[in-house]
Amino acid sequence: MRRLFLPLLILAVVVTAGVLADRANRAADAGEPDTTVATDSLGTPIVNVRRIPEWLRQPTSNQEFEDALQSVLDEPEVPADRCLRVHRNGIEIAVENADTPLTPAELQRLVTVAAVESLGRETVFVTKVVSNDASPVAEGVLDGDVWLVGGADPVLSTNEYLTRFDDDRASTSLDQLAAELAVELRRRGISEIGGGVVGDEFRFSPSETDYVGTVWTETDNADNVVGPLSGLLVNDGFEWDRQTSTITRSEDPARMAAGILTDLLIRRGITVAEEPTTGEQPASSEQVLLASVESPPITEIAQRALIDGTTAEMLFKEVGRVNGLSPASNDAAFGMLITLLQQGLPVEGSLPLDGSGLSNRGRVTCDLLMGIIEQSPVGGIVSSSLKPIRVSSLADCAPAGTDNMRIISADRGHITALVGEMAADNGSLITFVLIANADTAGGADSSGPCNSIQQSLLEAIARYPVRYGPTPESIAPLAPAPVPETRG
(Lines give C-alpha, C1' and ligand atoms only; values in the text may rest on other atoms or scores of the structure.)
Protein backbone atom coordinates (compact mmCIF):
# COMPACT_ATOMS: atom_id res chain seq x y z
CA MET A 1 0.00 0.00 0.00
CA ARG A 2 2.80 2.42 0.81
CA ARG A 3 4.19 1.97 -2.71
CA LEU A 4 0.81 3.01 -4.17
CA PHE A 5 0.37 6.09 -1.98
CA LEU A 6 2.54 8.53 -3.93
CA PRO A 7 1.15 7.67 -7.39
CA LEU A 8 -2.40 7.93 -6.07
CA LEU A 9 -1.63 11.30 -4.52
CA ILE A 10 -0.24 12.65 -7.81
CA LEU A 11 -3.30 11.36 -9.69
CA ALA A 12 -5.63 13.06 -7.21
CA VAL A 13 -3.83 16.39 -7.68
CA VAL A 14 -4.08 16.14 -11.48
CA VAL A 15 -7.80 15.28 -11.40
CA THR A 16 -8.54 18.08 -8.95
CA ALA A 17 -6.69 20.62 -11.14
CA GLY A 18 -8.68 19.52 -14.16
CA VAL A 19 -11.99 19.89 -12.35
CA LEU A 20 -11.11 23.38 -11.12
CA ALA A 21 -10.05 24.46 -14.59
CA ASP A 22 -13.33 23.19 -16.06
CA ARG A 23 -15.34 25.13 -13.48
CA ALA A 24 -13.39 28.30 -14.27
CA ASN A 25 -14.14 27.95 -17.98
CA ARG A 26 -17.85 27.51 -17.32
CA ALA A 27 -17.88 30.63 -15.11
CA ALA A 28 -16.46 32.76 -17.93
CA ASP A 29 -18.66 35.46 -19.50
CA ALA A 30 -20.69 33.67 -22.15
CA GLY A 31 -21.35 36.97 -23.92
CA GLU A 32 -17.72 37.46 -24.96
CA PRO A 33 -17.38 37.42 -28.78
CA ASP A 34 -15.39 34.61 -30.28
CA THR A 35 -12.74 37.07 -31.45
CA THR A 36 -9.14 37.60 -30.29
CA VAL A 37 -7.32 40.92 -30.68
CA ALA A 38 -3.83 40.15 -31.82
CA THR A 39 -0.93 42.11 -30.39
CA ASP A 40 2.49 42.63 -31.91
CA SER A 41 4.77 39.70 -31.25
CA LEU A 42 8.13 40.32 -29.59
CA GLY A 43 10.95 40.65 -32.08
CA THR A 44 13.35 39.50 -29.36
CA PRO A 45 12.32 36.87 -26.80
CA ILE A 46 12.21 37.85 -23.15
CA VAL A 47 15.19 35.63 -22.42
CA ASN A 48 17.73 36.76 -24.98
CA VAL A 49 21.19 38.36 -24.81
CA ARG A 50 19.92 41.25 -26.93
CA ARG A 51 18.10 42.45 -23.82
CA ILE A 52 21.47 43.11 -22.14
CA PRO A 53 23.32 44.80 -25.04
CA GLU A 54 26.03 46.38 -22.91
CA TRP A 55 26.96 42.95 -21.53
CA LEU A 56 26.84 41.51 -25.04
CA ARG A 57 29.20 44.08 -26.54
CA GLN A 58 31.61 44.31 -23.59
CA PRO A 59 34.08 41.52 -24.57
CA THR A 60 34.50 42.92 -28.08
CA SER A 61 34.56 46.48 -26.76
CA ASN A 62 37.26 45.66 -24.24
CA GLN A 63 39.39 43.92 -26.85
CA GLU A 64 39.14 46.79 -29.32
CA PHE A 65 39.83 49.26 -26.51
CA GLU A 66 42.94 47.30 -25.52
CA ASP A 67 44.08 47.16 -29.14
CA ALA A 68 43.69 50.93 -29.47
CA LEU A 69 45.73 51.50 -26.31
CA GLN A 70 48.43 49.14 -27.53
CA SER A 71 48.57 50.94 -30.85
CA VAL A 72 49.47 54.12 -28.95
CA LEU A 73 52.51 52.36 -27.49
CA ASP A 74 53.43 50.91 -30.89
CA GLU A 75 53.99 54.36 -32.37
CA PRO A 76 57.69 54.87 -33.26
CA GLU A 77 58.06 57.99 -31.12
CA VAL A 78 57.14 56.15 -27.91
CA PRO A 79 60.32 55.20 -25.98
CA ALA A 80 60.97 51.54 -25.17
CA ASP A 81 61.22 52.41 -21.48
CA ARG A 82 57.56 52.92 -20.68
CA CYS A 83 54.76 51.56 -18.56
CA LEU A 84 51.00 51.65 -19.00
CA ARG A 85 48.03 50.63 -16.89
CA VAL A 86 44.39 51.26 -17.84
CA HIS A 87 41.40 50.06 -15.79
CA ARG A 88 37.65 50.09 -16.26
CA ASN A 89 35.86 50.18 -12.92
CA GLY A 90 39.02 48.85 -11.31
CA ILE A 91 39.33 45.92 -13.74
CA GLU A 92 42.43 45.74 -15.91
CA ILE A 93 41.91 46.59 -19.58
CA ALA A 94 45.50 47.12 -20.72
CA VAL A 95 48.85 46.78 -18.96
CA GLU A 96 52.49 46.89 -19.99
CA ASN A 97 55.57 46.94 -17.74
CA ALA A 98 53.40 48.20 -14.88
CA ASP A 99 55.95 47.16 -12.23
CA THR A 100 58.93 48.70 -14.06
CA PRO A 101 60.52 51.62 -12.13
CA LEU A 102 60.71 54.77 -14.26
CA THR A 103 61.45 58.45 -13.76
CA PRO A 104 58.12 60.25 -13.26
CA ALA A 105 59.25 63.91 -13.48
CA GLU A 106 56.65 66.17 -11.86
CA LEU A 107 54.28 63.23 -11.40
CA GLN A 108 56.43 62.47 -8.35
CA ARG A 109 54.46 65.24 -6.65
CA LEU A 110 51.36 63.05 -6.74
CA VAL A 111 53.27 60.43 -4.73
CA THR A 112 54.24 63.12 -2.23
CA VAL A 113 50.65 64.28 -1.95
CA ALA A 114 49.51 60.69 -1.37
CA ALA A 115 51.94 60.34 1.53
CA VAL A 116 50.79 63.66 2.97
CA GLU A 117 47.24 62.24 3.10
CA SER A 118 48.31 60.28 6.20
CA LEU A 119 49.39 63.38 8.12
CA GLY A 120 45.80 64.41 8.84
CA ARG A 121 43.62 66.72 6.78
CA GLU A 122 43.60 69.51 9.37
CA THR A 123 47.35 69.56 9.97
CA VAL A 124 48.76 73.11 10.02
CA PHE A 125 52.20 74.67 10.38
CA VAL A 126 52.76 77.37 12.98
CA THR A 127 55.27 80.22 12.75
CA LYS A 128 55.76 82.30 15.88
CA VAL A 129 57.67 85.25 17.28
CA VAL A 130 58.97 85.07 20.86
CA SER A 131 61.10 87.13 23.21
CA ASN A 132 63.12 86.19 26.27
CA ASP A 133 61.21 86.79 29.51
CA ALA A 134 64.45 88.07 30.98
CA SER A 135 64.60 90.97 28.52
CA PRO A 136 63.56 94.17 30.32
CA VAL A 137 61.44 96.91 28.80
CA ALA A 138 62.31 100.51 29.61
CA GLU A 139 61.00 103.71 28.02
CA GLY A 140 59.40 101.76 25.15
CA VAL A 141 62.55 99.78 24.32
CA LEU A 142 62.77 95.99 24.56
CA ASP A 143 66.33 95.36 25.69
CA GLY A 144 67.02 92.23 23.70
CA ASP A 145 66.16 90.24 20.59
CA VAL A 146 62.98 88.71 19.27
CA TRP A 147 63.06 85.32 17.59
CA LEU A 148 61.20 84.40 14.42
CA VAL A 149 60.74 80.64 14.91
CA GLY A 150 59.97 78.61 11.82
CA GLY A 151 57.56 75.70 11.85
CA ALA A 152 58.58 74.42 8.40
CA ASP A 153 55.60 76.17 6.82
CA PRO A 154 56.06 75.59 3.06
CA VAL A 155 53.84 78.51 2.01
CA LEU A 156 54.86 81.38 4.31
CA SER A 157 54.94 84.40 1.99
CA THR A 158 54.70 88.14 1.79
CA ASN A 159 51.72 89.67 0.05
CA GLU A 160 54.06 91.38 -2.39
CA TYR A 161 55.73 88.11 -3.41
CA LEU A 162 52.39 86.46 -4.15
CA THR A 163 51.61 89.08 -6.79
CA ARG A 164 54.12 87.38 -9.11
CA PHE A 165 51.69 84.49 -9.55
CA ASP A 166 48.45 84.58 -11.50
CA ASP A 167 46.73 81.88 -9.43
CA ASP A 168 45.09 81.74 -6.03
CA ARG A 169 47.62 79.40 -4.40
CA ALA A 170 47.54 78.53 -0.71
CA SER A 171 49.68 80.82 1.44
CA THR A 172 50.40 81.97 4.96
CA SER A 173 50.76 85.72 5.32
CA LEU A 174 53.97 86.97 6.90
CA ASP A 175 52.41 90.46 6.64
CA GLN A 176 49.66 89.29 8.98
CA LEU A 177 52.23 87.98 11.46
CA ALA A 178 54.09 91.30 11.31
CA ALA A 179 50.87 93.27 11.85
CA GLU A 180 49.86 91.19 14.87
CA LEU A 181 53.38 91.44 16.28
CA ALA A 182 53.40 95.23 15.95
CA VAL A 183 50.04 95.45 17.73
CA GLU A 184 51.24 93.21 20.57
CA LEU A 185 54.48 95.14 21.00
CA ARG A 186 52.56 98.41 21.30
CA ARG A 187 50.15 96.83 23.75
CA ARG A 188 53.18 96.02 25.89
CA GLY A 189 54.40 99.58 25.53
CA ILE A 190 57.20 98.67 23.13
CA SER A 191 58.01 100.84 20.13
CA GLU A 192 61.62 99.71 19.66
CA ILE A 193 63.45 96.40 19.70
CA GLY A 194 66.87 97.09 21.16
CA GLY A 195 68.32 93.95 19.61
CA GLY A 196 67.27 92.45 16.30
CA VAL A 197 65.12 89.77 14.73
CA VAL A 198 66.76 86.34 14.99
CA GLY A 199 65.65 83.61 12.59
CA ASP A 200 65.47 80.05 13.97
CA GLU A 201 64.99 77.21 11.45
CA PHE A 202 65.16 74.51 14.15
CA ARG A 203 62.62 72.18 12.47
CA PHE A 204 65.10 71.20 9.73
CA SER A 205 68.87 71.12 9.91
CA PRO A 206 70.54 74.05 8.09
CA SER A 207 72.82 71.47 6.42
CA GLU A 208 69.80 70.11 4.54
CA THR A 209 68.75 73.23 2.64
CA ASP A 210 68.88 71.25 -0.62
CA TYR A 211 69.90 67.86 -2.01
CA VAL A 212 72.74 68.90 -4.31
CA GLY A 213 75.37 66.19 -4.34
CA THR A 214 72.90 63.54 -3.19
CA VAL A 215 69.97 63.40 -5.61
CA TRP A 216 70.19 66.75 -7.42
CA THR A 217 72.83 68.14 -9.73
CA GLU A 218 74.11 71.70 -9.71
CA THR A 219 72.22 72.23 -12.96
CA ASP A 220 68.97 71.10 -11.33
CA ASN A 221 69.46 73.64 -8.57
CA ALA A 222 70.41 76.44 -10.95
CA ASP A 223 67.04 76.20 -12.69
CA ASN A 224 65.27 77.57 -9.58
CA VAL A 225 62.54 74.95 -9.86
CA VAL A 226 63.00 74.44 -6.11
CA GLY A 227 64.19 76.98 -3.58
CA PRO A 228 66.41 76.30 -0.57
CA LEU A 229 64.70 74.03 1.94
CA SER A 230 64.61 75.45 5.44
CA GLY A 231 62.59 75.14 8.63
CA LEU A 232 62.10 78.90 8.30
CA LEU A 233 61.21 79.59 4.70
CA VAL A 234 59.65 82.76 3.30
CA ASN A 235 58.79 83.34 -0.36
CA ASP A 236 60.01 79.87 -1.35
CA GLY A 237 63.47 80.93 -0.19
CA PHE A 238 63.90 83.31 -3.12
CA GLU A 239 64.86 86.97 -3.05
CA TRP A 240 62.50 88.59 -5.54
CA ASP A 241 63.31 91.78 -7.42
CA ARG A 242 59.94 93.18 -8.41
CA GLN A 243 61.47 95.73 -10.77
CA THR A 244 63.23 93.13 -12.90
CA SER A 245 60.87 90.21 -12.08
CA THR A 246 63.86 88.04 -11.24
CA ILE A 247 64.39 85.66 -8.35
CA THR A 248 67.64 84.70 -6.66
CA ARG A 249 68.10 81.69 -4.41
CA SER A 250 68.89 82.78 -0.86
CA GLU A 251 72.13 81.46 0.61
CA ASP A 252 70.69 81.80 4.13
CA PRO A 253 66.88 81.51 4.07
CA ALA A 254 66.46 81.90 7.83
CA ARG A 255 68.40 85.15 7.86
CA MET A 256 66.46 86.32 4.82
CA ALA A 257 63.18 85.62 6.63
CA ALA A 258 64.38 87.57 9.68
CA GLY A 259 65.32 90.47 7.41
CA ILE A 260 61.90 90.52 5.73
CA LEU A 261 60.13 90.57 9.09
CA THR A 262 62.43 93.40 10.19
CA ASP A 263 61.40 95.47 7.17
CA LEU A 264 57.71 94.75 7.77
CA LEU A 265 58.00 95.88 11.40
CA ILE A 266 59.77 99.10 10.42
CA ARG A 267 56.98 99.86 7.93
CA ARG A 268 54.57 99.53 10.85
CA GLY A 269 56.44 102.00 13.00
CA ILE A 270 58.50 99.62 15.13
CA THR A 271 62.20 100.49 15.33
CA VAL A 272 64.65 97.59 15.15
CA ALA A 273 68.15 98.50 16.29
CA GLU A 274 70.24 95.55 15.13
CA GLU A 275 70.66 93.74 11.83
CA PRO A 276 68.80 90.44 11.32
CA THR A 277 70.67 87.27 12.17
CA THR A 278 70.11 83.59 12.93
CA GLY A 279 70.28 81.62 16.15
CA GLU A 280 68.41 79.39 18.57
CA GLN A 281 65.28 80.50 20.37
CA PRO A 282 65.24 80.65 24.19
CA ALA A 283 64.19 77.57 26.12
CA SER A 284 60.42 77.13 26.13
CA SER A 285 60.27 77.92 29.86
CA GLU A 286 61.94 81.28 29.18
CA GLN A 287 59.87 82.33 26.18
CA VAL A 288 57.25 85.01 25.90
CA LEU A 289 54.94 84.43 22.93
CA LEU A 290 54.37 87.70 21.11
CA ALA A 291 52.55 86.57 17.95
CA SER A 292 51.94 83.52 15.80
CA VAL A 293 50.33 82.60 12.50
CA GLU A 294 48.91 79.29 11.27
CA SER A 295 49.14 77.99 7.74
CA PRO A 296 46.10 76.83 5.77
CA PRO A 297 45.23 73.14 6.29
CA ILE A 298 47.68 70.75 4.71
CA THR A 299 44.97 69.69 2.25
CA GLU A 300 45.22 73.14 0.64
CA ILE A 301 49.01 73.21 0.82
CA ALA A 302 49.14 69.84 -0.96
CA GLN A 303 47.31 71.37 -3.93
CA ARG A 304 50.02 74.02 -4.17
CA ALA A 305 52.65 71.25 -4.12
CA LEU A 306 51.41 70.10 -7.52
CA ILE A 307 52.36 73.42 -9.11
CA ASP A 308 55.21 74.50 -6.82
CA GLY A 309 58.33 72.37 -6.47
CA THR A 310 59.50 74.01 -3.24
CA THR A 311 56.20 73.23 -1.51
CA ALA A 312 56.43 69.60 -2.65
CA GLU A 313 59.97 69.27 -1.27
CA MET A 314 59.03 70.81 2.07
CA LEU A 315 56.17 68.32 2.44
CA PHE A 316 58.54 65.50 1.48
CA LYS A 317 60.87 66.50 4.31
CA GLU A 318 57.95 66.77 6.73
CA VAL A 319 56.89 63.19 5.95
CA GLY A 320 60.39 62.04 6.92
CA ARG A 321 60.29 64.05 10.14
CA VAL A 322 56.83 62.82 11.16
CA ASN A 323 57.97 59.21 10.72
CA GLY A 324 60.62 59.73 13.39
CA LEU A 325 63.42 60.11 10.86
CA SER A 326 65.35 63.14 9.70
CA PRO A 327 64.35 65.47 6.84
CA ALA A 328 67.46 64.35 4.91
CA SER A 329 66.62 63.07 1.43
CA ASN A 330 67.33 59.38 2.11
CA ASP A 331 65.44 59.40 5.41
CA ALA A 332 62.52 61.29 3.92
CA ALA A 333 62.36 58.79 1.04
CA PHE A 334 62.29 55.92 3.52
CA GLY A 335 59.61 57.70 5.54
CA MET A 336 57.53 58.16 2.43
CA LEU A 337 57.77 54.48 1.52
CA ILE A 338 56.70 53.54 5.05
CA THR A 339 53.69 55.84 4.80
CA LEU A 340 52.64 54.53 1.38
CA LEU A 341 53.09 50.92 2.50
CA GLN A 342 50.88 51.58 5.52
CA GLN A 343 48.21 52.75 3.10
CA GLY A 344 48.35 49.38 1.36
CA LEU A 345 49.94 50.77 -1.81
CA PRO A 346 52.30 48.70 -4.02
CA VAL A 347 55.67 50.36 -3.36
CA GLU A 348 57.84 47.56 -4.73
CA GLY A 349 60.34 49.00 -7.20
CA SER A 350 59.57 52.64 -6.41
CA LEU A 351 62.16 54.93 -4.85
CA PRO A 352 60.97 58.54 -4.37
CA LEU A 353 64.29 60.30 -3.73
CA ASP A 354 62.74 63.75 -3.60
CA GLY A 355 59.29 65.28 -3.38
CA SER A 356 59.05 67.31 -6.59
CA GLY A 357 60.47 65.03 -9.27
CA LEU A 358 63.40 67.35 -9.88
CA SER A 359 65.76 64.42 -9.46
CA ASN A 360 66.24 62.14 -12.46
CA ARG A 361 67.30 59.38 -10.08
CA GLY A 362 63.88 58.92 -8.48
CA ARG A 363 61.82 55.94 -9.65
CA VAL A 364 58.08 55.21 -9.59
CA THR A 365 56.00 52.39 -11.11
CA CYS A 366 52.69 52.59 -12.94
CA ASP A 367 51.39 50.13 -10.34
CA LEU A 368 52.05 52.63 -7.55
CA LEU A 369 50.46 55.55 -9.39
CA MET A 370 47.37 53.50 -10.26
CA GLY A 371 47.09 52.39 -6.64
CA ILE A 372 47.27 56.01 -5.50
CA ILE A 373 44.54 57.08 -7.93
CA GLU A 374 42.16 54.22 -7.21
CA GLN A 375 42.63 53.95 -3.44
CA SER A 376 42.34 57.64 -2.71
CA PRO A 377 39.13 58.43 -0.83
CA VAL A 378 36.57 60.52 -2.67
CA GLY A 379 37.15 64.13 -1.73
CA GLY A 380 40.63 63.30 -0.43
CA ILE A 381 43.83 65.18 -1.22
CA VAL A 382 44.73 62.97 -4.20
CA SER A 383 41.21 62.93 -5.60
CA SER A 384 41.13 66.71 -5.44
CA SER A 385 44.50 66.88 -7.19
CA LEU A 386 43.14 65.65 -10.52
CA LYS A 387 42.03 68.65 -12.55
CA PRO A 388 39.56 68.90 -15.42
CA ILE A 389 41.51 68.65 -18.63
CA ARG A 390 40.27 72.05 -19.81
CA VAL A 391 42.14 73.77 -16.97
CA SER A 392 45.21 71.52 -17.09
CA SER A 393 48.54 71.85 -18.88
CA LEU A 394 46.92 70.09 -21.86
CA ALA A 395 44.07 72.57 -22.15
CA ASP A 396 45.36 73.95 -25.46
CA CYS A 397 45.72 70.56 -27.13
CA ALA A 398 43.15 68.28 -25.51
CA PRO A 399 41.52 65.94 -28.05
CA ALA A 400 37.79 66.11 -28.69
CA GLY A 401 35.65 64.18 -26.24
CA THR A 402 37.91 64.66 -23.24
CA ASP A 403 35.78 67.18 -21.37
CA ASN A 404 34.82 64.54 -18.81
CA MET A 405 38.45 63.73 -17.98
CA ARG A 406 40.49 64.80 -14.96
CA ILE A 407 44.26 64.49 -15.25
CA ILE A 408 47.74 65.39 -14.06
CA SER A 409 50.49 65.43 -16.68
CA ALA A 410 54.25 65.90 -16.74
CA ASP A 411 56.67 66.49 -19.57
CA ARG A 412 60.31 67.38 -19.04
CA GLY A 413 63.12 66.75 -21.46
CA HIS A 414 63.12 63.04 -22.15
CA ILE A 415 60.26 62.25 -19.75
CA THR A 416 56.52 62.25 -20.36
CA ALA A 417 53.95 61.02 -17.86
CA LEU A 418 50.19 61.15 -17.41
CA VAL A 419 47.61 59.97 -14.89
CA GLY A 420 43.88 60.53 -14.88
CA GLU A 421 40.34 59.27 -14.90
CA MET A 422 37.33 59.57 -17.19
CA ALA A 423 33.64 59.11 -16.44
CA ALA A 424 32.48 57.29 -19.59
CA ASP A 425 29.04 57.79 -21.12
CA ASN A 426 27.99 54.26 -20.09
CA GLY A 427 28.73 54.97 -16.43
CA SER A 428 32.12 53.26 -16.35
CA LEU A 429 35.11 54.90 -14.68
CA ILE A 430 38.28 54.64 -16.74
CA THR A 431 41.53 55.21 -14.83
CA PHE A 432 44.89 55.38 -16.60
CA VAL A 433 48.62 55.82 -15.98
CA LEU A 434 51.46 56.25 -18.49
CA ILE A 435 55.17 56.95 -17.97
CA ALA A 436 57.67 57.02 -20.84
CA ASN A 437 61.42 57.69 -20.55
CA ALA A 438 63.64 58.25 -23.59
CA ASP A 439 67.24 57.03 -23.44
CA THR A 440 68.80 60.49 -23.24
CA ALA A 441 67.60 63.98 -22.50
CA GLY A 442 66.27 65.48 -25.68
CA GLY A 443 66.21 62.07 -27.32
CA ALA A 444 62.47 62.15 -27.94
CA ASP A 445 60.97 65.06 -29.81
CA SER A 446 57.54 64.01 -28.56
CA SER A 447 58.31 64.68 -24.88
CA GLY A 448 57.50 68.38 -24.80
CA PRO A 449 54.27 69.99 -23.64
CA CYS A 450 51.16 68.69 -25.42
CA ASN A 451 53.22 65.91 -26.95
CA SER A 452 51.80 63.36 -29.37
CA ILE A 453 52.12 60.47 -26.89
CA GLN A 454 49.83 62.14 -24.37
CA GLN A 455 47.39 63.26 -27.04
CA SER A 456 47.18 59.80 -28.63
CA LEU A 457 46.51 58.12 -25.30
CA LEU A 458 43.82 60.62 -24.34
CA GLU A 459 42.16 60.28 -27.73
CA ALA A 460 42.10 56.47 -27.47
CA ILE A 461 40.49 56.69 -24.04
CA ALA A 462 38.01 59.39 -25.06
CA ARG A 463 36.57 57.09 -27.76
CA TYR A 464 35.38 54.63 -25.11
CA PRO A 465 32.74 53.18 -25.20
CA VAL A 466 30.97 54.36 -28.38
CA ARG A 467 33.81 53.69 -30.83
CA TYR A 468 34.63 50.20 -29.56
CA GLY A 469 32.63 47.01 -30.13
CA PRO A 470 29.33 46.55 -31.98
CA THR A 471 27.11 49.59 -32.18
CA PRO A 472 24.36 49.59 -29.54
CA GLU A 473 21.74 49.70 -32.31
CA SER A 474 23.03 46.50 -33.93
CA ILE A 475 22.57 44.42 -30.78
CA ALA A 476 19.58 46.13 -29.16
CA PRO A 477 16.22 44.28 -28.83
CA LEU A 478 14.47 44.05 -32.19
CA ALA A 479 11.29 46.03 -32.79
CA PRO A 480 8.03 44.09 -32.21
CA ALA A 481 6.68 42.37 -35.35
CA PRO A 482 3.05 43.38 -36.16
CA VAL A 483 0.53 40.49 -36.26
CA PRO A 484 -2.88 40.84 -38.03
CA GLU A 485 -6.11 40.29 -36.09
CA THR A 486 -7.69 36.84 -36.44
CA ARG A 487 -11.29 35.78 -35.91
CA GLY A 488 -12.31 32.32 -34.68
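A search of the whole structure, a predicted model, finds 6 aromatic pairs. Rings of Phe, Tyr and Trp (its six-membered ring) pair if their centres lie within 6.5 Å; planes under 30 degrees apart count as stacked, over 60 as edge-to-face and the rest as tilted. Tyr211 and Trp216 form a tilted pair, with centres 5.1 Å apart and planes at 55°. Tyr211 lies in the loop between β11 (197–200) and α6 (218–222), and Phe316 in helix α9 (residues 309–322), so the pair ties together parts 105 residues apart in sequence. Relative accessibility is 1% for Tyr211 and 0% for Phe316. Elsewhere, ring pairs link Phe65, Tyr464 and Tyr468 into a cluster.

Local features need pLDDT of at least 70, and side-chain atom pairs count only at pLDDT 80 or more, while totals for chains, interfaces and linings use all residues. Residues are numbered from 1 along each chain as its sequence is written, and side-chain values use heavy atoms, without hydrogens and water.

Helices (H or I, at least four residues) and strands (E, at least two) are DSSP runs, numbered from the N terminus. Helix α7 (residues 253–267) has 15 residues. Of these, 11 are buried, so α7 is largely enclosed by the rest of the structure. Among them are Met256, Ile260 and Leu264. Just after α7, Gly269 takes a positive phi of about 85°.

Methods:
Expected span 1.5 Å × (residues − 1). Buried < 20%, exposed > 50% of the residue type's maximum accessible area, 1.4 Å probe, protein only.
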